Each structure stands twice: as C-alpha cells, then as structure tokens.
Amino acid sequence: MPFLPVIAAAALTASVCVPTAPTVRQYPPALPFVATEHWSLATGSRVAVYHYPPAKPDPGHPVPLVYLNGGPVRGISLLDHRFLQLLAQQGYDVYAYEQAGGGRSDLLPMDQYTISRSVHDLAAFIDRLGGGKADVLGFSSGAVVLTRALADPDATTRLHRAIIAEPGPMDGPTTGIAGHRGRESARDLAPAMTGPRSTNVPRYAVAFGLLRLGLLTPHNALVGQAEGDNAFTAADLGRDTASAYCARDAHRIPVEDSAQNFSFSPTASLRIQQTVKDSPSIAPQLRQSRTPAMLMIAECSSQVRQWATTILADDPAIQRTQYMPGVGHHMWNGLDDNNDRAAAVITAFLQDKPAPLPNSPTRDEIPAFLHDHR
C-alpha cells in the first residue's frame, strides 16, 4: 500500500514523458500517380515538388501555375492533387510544393518558421522554374503567403497573376479582427471523425492542448517537432475539417486524404501563425501592388469575412471577386460539380476572359456584403 502513490505517479509520469511516436521524422511514402522531386531553394529550404504537365501543351498558357496549399505546414491532400490534375488536363503547366516542414519537405529549425520565410521560399521556388514569372493560386494560409508576396517589393516581381482563395489574416491588425463568418458550416453538424487520434495518448493530449492554449511554446522540450508531426493524425483536426464544408454537406463530407499521405505539423504551424500575429500592417505595401489579382470567397466560409474584404480594400490590383455559392472553405472538394466550377473561375481569370460569376463584392459593396452574407 505505501508504494501505490509512487507507482501511480511513475505511471502518470511515464504516460506523459515517454514518446510513443518516433522522434525522427517519418515522411509519407511516395505517391503512386505523381513523382516527388526535392528542390533545394536559395533560401536553404528543401521542399517536395509535384509537377503536372499540361495534357496538351497550349501556347495560350505560356506561364506556369504554382499552387500554395493551406495548413500552414501541412502536406498537400489527395483531394487537392485531384484538382491540380484537373487544371493540368485543361492545358496548364501546374507545379505544387509542400512548404518547408510539411508533407515530404525537410524540416527547418523551429525559429526559422516565419511568414517572411514562406514568402522568400515562394520567390525562390519561382526562380527555380527558370521561366521568369508565374501565376500563383494560394489557398487559405497559402493565400496569406501570396498576399504578403504581393506586398513584398522583391517577391512581387516574380508574380504574373495571383489568385487569392479563402485567405486567412494577412498581418497582425487583421488577425485581431473578430468579424462575421459565412453561411452555416458543417462544423457542429457532421459526424465525428473516425480513426486513431494522438490526443487519446496522454503525452500528446497534454502537449497539443497546452500548445493550443498558448501555455507551451512551439520551441518546447516536451514534444519535439518531428515527434509531433509523426503523432498527429487527421482525426486530431476534429471539427476543423467539417468547418470547411457547408451545413447541407454535413453527412457527405468527402475523405480529403489517406492516413498514409496525411501530414500536419502543429508546432511549426503555430509558430508561423504567431509570426503573422506579431507582424505590423502590410496595408501600405499592398496598396502599391500592380499584379493582376482575383479574390475567391466561399458562401459557407469558416473564415472571418473581413480577412478577405480587407485584402480587397487594400489591393488596388484585384480585378475581380468571385463569390462561390454552395461551397465551404475547401471550395474544390470533389462534390457535385464543385471542382469544375472552381476551375472555370480560375481559368477564366488566368486567360483574362469574362468571369463565370458576377464580380461581387466590389470594393464599394464591402459594407453591404458583410451585412448580407453572414
């Protein structure tokens, strides 16, 4: 009996202090449908690259199209790969890379994960393409990287056209906005995600919980970056995945990824998000942008509306806004004709053809949009 408290304390300590996931990064296996290349960028980042050549080379599309996925430090999902294949089938030379630390890309030291590094990596990646400028499609946190590239005097020289899809907050002041969101999402309606969860293990439940509460920093010595990446699963995202879909789709949310391909770095992602929060306003620089741009906003967006409308207000080079009805944050999601509709909007802009949807909201319509679409 006298030893029971000691035994209990030892068991509790072991459950929190002893790793159950590998402490050396275990990268996802190769994809069967596209080769994975690894490019060393001038910034020092070594990133995993995927190339989808055009099904039929089209002289009308001489500029490569680069995709920046969301996360911010997350592997490209199989759902996104299918959408990139669709764009290639329509004649575009499509490149995508997993940002440093995400997917099959090499890790960085934790203090090197910054939003500025992400922007410099984008510029260095376009330089590696060797053809001058590129069109860039940025989604979610990838749209934040793209927006900040438009405000960076050096990076913007590499951009031919920019598509800002469902952006997060672009800087510290925007992060502080607590505004309206879109129509109801499936967040509180969809069945709970199934599958293994690292948060069922005390060690990771404690570490990830403290990270989310801000009581543990990404530099913590409890769970290292590689171990956290190895441990984290799609089910750990909980209702975040469902929040990217409309309420009407709550019971038919597609499987976005496989367990083998899924990759997310909670510590590196929080670190980059913190550098966005700590950054001053980029509005003065963004107002100097001259790169033709398009903004895409989803009807059931889980993003704060002002994150998008602030960019619309500050970037004079945004030529059109496409409000996408019937979809949530993940606009190309494989349901119904959503992929085709998103592709039609993107390709019309890249070809400077009339938009499939009304140009809405315009800058003058921002107050009415924020009032009506919530």
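Helix H3 (residues 115-129) supplies the largest share of the lining of the largest cavity, three residues; helices (H or I, at least four residues) and strands (E, at least two) are DSSP runs numbered from the N terminus. The model is predicted, and local features therefore need pLDDT of at least 70 and side-chain atom pairs count only at pLDDT 80 or more, whereas totals for chains, interfaces and linings use all residues. Residues are numbered from 1 along each chain as its sequence is written, and side-chain values use heavy atoms, with hydrogens and water left out.

A search of the whole structure gives two cavities of 30 Å³ or more. A cavity is a set of points, on a 1 Å grid over the protein atoms alone, where a 1.4 Å probe fits but cannot get out; a pocket is an open set with protein on both sides within 12 Å along at least five of seven lines, and lining residues have an atom within 4 Å of a point. Grid points are joined across faces, edges and corners, and a volume is the space filled by probe spheres set on the points. The largest cavity has a volume of about 80 Å³, and its lining includes Tyr-97, Gln-99, Leu-108, Arg-117, Ser-118, Asp-121 and Ile-272. By class, this lining comprises five nonpolar, four polar and two charged residues, where Ala, Val, Leu, Ile, Met, Phe, Trp, Tyr, Cys and Pro count as nonpolar, Asp, Glu, Lys and Arg as charged, and the others, Gly among them, as polar. The second largest cavity, of about 30 Å³, is lined by residues including Glu-166, Pro-167, Ile-297 and Arg-305. Its lining residues divide into four nonpolar, two polar and two charged.

The second largest pocket holds about 790 Å³ of space. Among its 38 lining residues, Met-193, Thr-194, Ala-234, Ala-235 and Asp-257 are the closest to its centre. The lining is made up of 18 nonpolar, eleven polar and nine charged residues.

Gly-195 is located in the loop between helix H5 (172-175) and helix H6 (202-213). With a relative accessibility of 48%, Gly-195 is partly exposed; buried means under 20% relative accessible area, exposed over 50%, and partly exposed in between (1.4 Å probe, protein chains only).

One disulfide (a pair of cysteine sulfur atoms within 2.5 Å) is found in the whole structure. It links Cys-246 to Cys-300, with an S to S distance of 2.1 Å. Cys-246 lies in the loop between helix H7 (225-231) and helix H8 (266-277) and Cys-300 in strand S7 (residues 293-300), so the pair ties together parts 54 residues apart in sequence. The link is right-handed, with 95 degrees about the S-S bond, and both Cys-246 and Cys-300 are buried.

Eight strands form an open sheet of mixed pairing in the order S1-S2-S4-S3-S5-S6-S7-S8; two strands pair if DSSP finds at least two bridges between them. Strand S1 (37-40) and strand S8 (318-328) are at the edges, each with a single partner strand, so one side of each lacks a neighbour in the sheet. Neighbouring strands are turned by 25 degrees against each other on average, direction ignored (axes are lines fitted to C-alpha atoms, for helices over the stretch in contact, and angles run from 0 to 180 degrees between N-to-C directions). S1 and strand S2 (residues 46-52) run antiparallel and are joined by four bridges, and Glu-37 has Val-49 as its bridge partner in S2.
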